[in-house]
Amino acid sequence: MSDFNLPKYDRVRSWIRTASEHGWTWEAIAYMNQNDMDGLRQELHGRIIRDFWPMELSAEGWLQLVHSEEEAQKSKLELAFRNDSAFLTDKSAHNGVSVPNDPNSSWVLYKKHLKTSGFNEDSINEIETATLEILGRLAKEMPDGKPVKGMVVGHVQSGKTANMAALMAMAADWGWNMFIVLSGTIENLRKQTQNRLFNDLHREGNIQWTGLEHLSIHSSLGQRVQDLNFLDIHKRYFSVCLKNPKRLEHLIKWMQADLNKLRQMKVIVIDDESDQGGINTAKKEADRSRINKLIVNLVEGKNPKGNDISARPMAMNYIGYTATPYANFLNESLPESLYPRNFIRTLQPSNEYFGPKQIFGVEGTEECDGLDILRTVVESDLEQMKQLHKSEINELPDVLIESLIWFLCAASAMRLNGYTKPISMLVHTSQLQQHHQSVAEAIGEWLENARTEGKILSACEEVWERETSQFSSQAFVTQFKSYPLPVKDYPVFSEIKSGIMQLVSEISHIPMNEDNHLDYHEGIHLCIDNCSNNGVNDENMVVRLAYPDPASPNRPKTAPAFIVVGGSTLSRGLTIEGLVSTFFLRASIQADSLMQMGRWFGYRRGYELYPRIWMTKSTQEKFRFLAQLEHELRDDLKRYMVAGEDPSQYGPRIKNTPKATWLRITAANKMKNVTAAEMDFSGTNVQTVVFSEEKEILEHNIKVTEKFLQSLGEGTPSRTKESIIWRKVPFERIKDGLFINQYKFHSRASVFNQMEAFCEWYEKSAEEAGYQEWNVLAAGVKSGNANGLLWEVPGGTVGKVNRTRLGSHSNSLDKSVSIGVLRAPKDLYEDIPEGAIDPSELMQANNESIRKARADAGLGTTPLLILYRINKDSKPSDSKTTTPKEPATGKVRLPRVPLGVEEDVIGMSIWVPGVKSKTFVKTLTVKISREDIDAEDEAGDMNDY
């Protein structure tokens, strides 16, 4: 058998990959689009003679080579599925681009810049892969006159600008010559983006970059469109434009001022934060909001009034970048809209990224616990904050003092460890500017008093010892298993005492020196970041946040420390550097806005142990919901990628909130197509992780489950003897015995509270999807390992499972208990017969590997119901407990606590295979109530707590 990995087969493998990228089926590739083996042999012979393919390549060898490339592509797809990236694309042909390798190319030079900026190899490889995939779907020409429209879904605070610059660099090498970046609504942030892109891209190489600003028909000499040379193979132009009606009008007029130049343009429009500003919010369907209409006109090649003109660019491509795509998906999908009909690409951050699932946890996954860095603000603290906002008192609540003390400790420790970049604390309690002033004054006064009273060190030591014990370096490694870097442990308190005193030695805004340059000191810079504090105050100080320029020769040698008090300006765009302490109260009721407020998301290299977040229980729950929402949306995109779905046909499903008045997905006027959402339960992989702790409900569920199992007759032991199996159970029996009006699910149990819709969907879709009858599993541990805690079921005995309570996720108000994860991944292999597959396949725990193993074992279309009996006296292992004390109550606080319920808990897991077709999808989703949404007012201040 030939070794097809030898270099002499490179040209042959390249032909196969190119054919696949251009939409050929694997059957068409295998037969080279010929009718039979004779035709294949003839075509292959011609390739050997004409294209110098290896002489010894036979038709049989060719088929083996095609098969190996098909398997390699499937493996690559499985790897993408295991990661957090997905790429849905239409069926248009790949444009043939590849990764530039010229040392003087814009891409190679930018890649070197990424390395010197601290990006690791994995991150750079992911940026390269994503960039190439996106670029391969863009138009170089538009013979049909239709622009390409796509979307890139990133993460909050995850380096989105680096991905945009990468696309510009690689596109420049392949001949795209005009880049327009649409950037927010704030001029100073626009300017930052313009300067950063120029600094990132401008290198001595093949490409000469020119930044254009404030474009209009009145632009100065050298910036007018008629002055530019789009035919020069070395020149590339870019402009960052505000999403402002006047700026957009001027930009369109500038582009169309010389129609000959317009015809030479190969344009890429990058819409940064595409869910902000450019969404159509007009009330009437026939109308468009002004900014959205102008962006559509720009992309569709019309004048500012929406009229056709006599020329079009050579190519036009629109790519929306966002971390919160909910409004984009729910807004509209008309041909002349900005809906990503050609492609959707999700970005995979490196495993150094602190995201929603790492911090808040995602129920039902390994990251269910989240990092133990959240601290709770209680009702009495909120009452004090209200009084402080109204200037009725000038005293800080104890919980805010605790967050200040932690900031002093963390900043001192980071300086001791050699950290030299800015270190920050964020205080976000209200959107009202007067409230910011009151809070900042109280913080300044407390810091002054603490220093003069000499009590600061004893208070710091108490907080330091508690916090470093509660969230240790070992806890970090346990809770963030994928983190790739070594983490430096905390110093002892005696080593940070002098640093704390240094920090409180001077408290002020940011001083200006004699040369009118910012003059940072070694104390604390207290900043109030809102638009009423622009410029320099009467004391020649800057009140707004301004970090030192890292390129300045006068930058401070000691890491400068900042406490930032603010409101709306902290919602988007502003990066808080070295953020270690966050006091966050004012939570938006819009999911996308709330997620964008997460300044604590991002990269924390060098200070991984130090971030802490103080927020209310309600806000924590909202962020946990958002973490789940994001996880499910990305998983959905990956599933449809594997199924080969076209984004012009597929509307991503977005998990609805428990109640519209608690948290809306996005602003009501952005959700125009929400009623068209479809519910598809194929690929469902869910487990109950939230239960009622009411004794009557627990007893009821035990009774219902045992009656159901009795109705199935005697089961048989599983392959491992840890479970009992009932095979080929009709769905009707499961539906009537458990799902409908039998088992009582908790109101927070996601899919399980849509059981009527699920059952209706399944009964209408099972035949078309090819689903077989179900397997039912009573899962547990081997009887001999159960310490006598046994569950007697028809056909045998299984041991009860031990599952503990997530103290921070449970809720006494709705009498709920949350366990985070119910099912062990191995349980999805339990009904696979002995010897049905290679034992090595049973070692994989990710969804795609499980799907493959079940398919290989003949269970690819067999749904699986798994039932568990959880021991009511379940207790956490020693490794999951700590013994710090709450500052206010003195009570022990545990990440994991005993289950603490009066009866055993019946848990349930459902696995429904995914399918390749969507023809059977039914519109069963619940329509969001417009009344509930429109009744809410986002301007609420303390009422949002």
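The structure is a predicted model, in which local features need pLDDT of at least 70 and side-chain atom pairs count only at pLDDT 80 or more, while totals for chains, interfaces and linings use all residues. Residues are numbered from 1 along each chain as its sequence is written, and side-chain values use heavy atoms, with hydrogens and water left out.

The chain has 26 helices and 31 strands; helices (H or I, at least four residues) and strands (E, at least two) are DSSP runs, numbered from the N terminus. Of its 945 residues, 56% are buried, where buried means under 20% relative accessible area, exposed over 50% and partly exposed in between, for a 1.4 Å probe and protein chains only. Contact means heavy atoms within 4.5 Å. Among contacts in the chain with a separation of 6 or more, 79% join residues 24 or more positions apart.

On the α7 side, the contact is made by T161, A162, A165, M168 and A169, and on the α8 side by R196, L197, D200 and L201.

Helix α5 (residues 106–116) is mostly covered, with 8 of its 11 residues buried. These are S106, W107, V108, L109, Y110, K111, H113 and L114. Their cover includes α6, α7, α8 and β4 (208–212). After α5 comes G118, which has a positive phi, near 100 degrees. Helix α6 (residues 121–135) holds E128, which counts as buried because its relative accessibility is 17%. Leaving aside neighbours within four places in sequence, E128 is in contact with V99, W107, K111 and M170.

Finally, the cysteines. A disulfide is a covalent bond between the sulfur atoms of two cysteines. Here a disulfide is taken as a pair of cysteine sulfur atoms within 2.5 Å, and by this rule the count comes to 0. C460 is in no disulfide, and the nearest cysteine sulfur, that of C409, is 4.1 Å away. C460 counts as buried, at 0% relative accessibility, and C759 is buried with a relative accessible area of 2%.
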